[in-house]
Amino acid sequence: ASAKECFRQFLFGLKRHIVWEEELLFPAFEQATGMRDVGPTAVMRMEHRQIQAALDEIHQKVRAKDPGSDAAEAQLLSVLGNHNMKEENILYPAIDRLVSPELRAEILRKVQEGAAEPAHECCGCG
């Protein structure tokens with residue numbers, strides 16, 4: 001039961017992070033650079049789909065009370081590790097340089113207010 005609750009919280013937080021990036025941060029970067037289907041945000045979106053696939057696989061295991069999620073967990077950790085390094089070292093510094101302080105403040109305000117929440121929480125786990 002505690003594993004389900006921990007996973008539910010992790011899943012919700014990671015999905016919220018992805019939504020915030022794709023709906024708030026990426027469009028700001030893309031508007032500033034003119035890059036949409038190429039460049040860092042295109043790579044990040046592709047990795048978000050890989051992250052979602054691994055999360056879905058783990059989610060199915062959690063729902064079924066099947067502890068055999070090691071392969072999916074390893075895949076998730078691999079993608080997340082590389083993804084995080086790119087965010088922290090490339091994308092976020094670029095956004096800080098390219099996006100106006102006013103727009104950065106607006107994005108932060110929306111995040112703090114809970115804008116762009118995931119459409120749904122983990123279902124069937126809790």
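Select α2 and find its buried residues: they pack against α1 (2-33) and α3 (70-98). Here a contact means heavy atoms within 4.5 Å, and buried means under 20% relative accessible area, with exposed over 50% and partly exposed in between (1.4 Å probe, protein chains only). Helices (H or I, at least four residues) and strands (E, at least two) are DSSP runs, numbered from the N terminus.

A word on what you're looking at: this is a predicted model, where local features need pLDDT of at least 70 and side-chain atom pairs count only at pLDDT 80 or more, while totals for chains, interfaces and linings use all residues. Residues are numbered from 1 along each chain as its sequence is written, and side-chain values use heavy atoms, leaving out hydrogens and water.

Stay on α2, residues 40-63. Its 24 residues reach 34 Å from first C-alpha to last, close to the 34 Å expected at 1.5 Å a residue; that expected span is 1.5 Å times one less than the number of residues. Colour its buried residues, among them M44, H48, I51, L55, I58 and V62. An α-helix has 3.6 residues a turn, so residues three or four places apart point the same way.

## Step back to the first helix

Now select α1. Its 32 residues should span 46 Å at 1.5 Å a residue, and the end C-alpha atoms are 44 Å apart, which agrees. Where is the kink in α1 centred? Click on E21: the kink there is about 40°. The bend at a residue is the angle between axes fitted to the seven residues ending there and the seven starting there.

Next, pick K15, also in α1. Is K15 buried or exposed? It counts as buried because its relative accessible area is 15%. Draw a distance from K15 to Q52: the two are 37 residues apart in sequence, yet 8.3 Å apart in space, C-alpha to C-alpha. Then go to G34, which follows α1 and has a positive phi, near 80°.

Move on to K65, in the loop between α2 and α3. This residue has a positive phi of about 55° although it is not a glycine. Most residues other than glycine have a negative phi. K65 counts as exposed because its relative accessible area is 67%.

Select α3. Its 29 residues should span 42 Å at 1.5 Å a residue, and its end C-alpha atoms are 40 Å apart, which agrees. Look for a kink of about 45°, centred on E87. E87 is also one of the buried residues of α3, a list including L76, V79, L80, H83, L91 and I95. What do these buried residues pack against? Show α1, α2 and α4 (101-113) to see their partners.

## Zoom out

Finally, show the whole chain. You'll count 4 helices and 0 strands, in the pattern α-α-α-α along the sequence. The C-alpha trace spans about 45 × 30 × 20 Å along its principal axes. Of the 126 residues, 35% count as buried. Among contacts between residues at least 6 apart in sequence, 76% join residues at least 24 apart.

Last stop: colour by charge. The chain has 15 positive and 20 negative side chains, and the centres of the two sets lie 3 Å apart. Lys and Arg count as positive and Asp and Glu as negative, with His and the chain ends not counted; each charge is placed at NZ of Lys, CZ of Arg, CG of Asp or CD of Glu.
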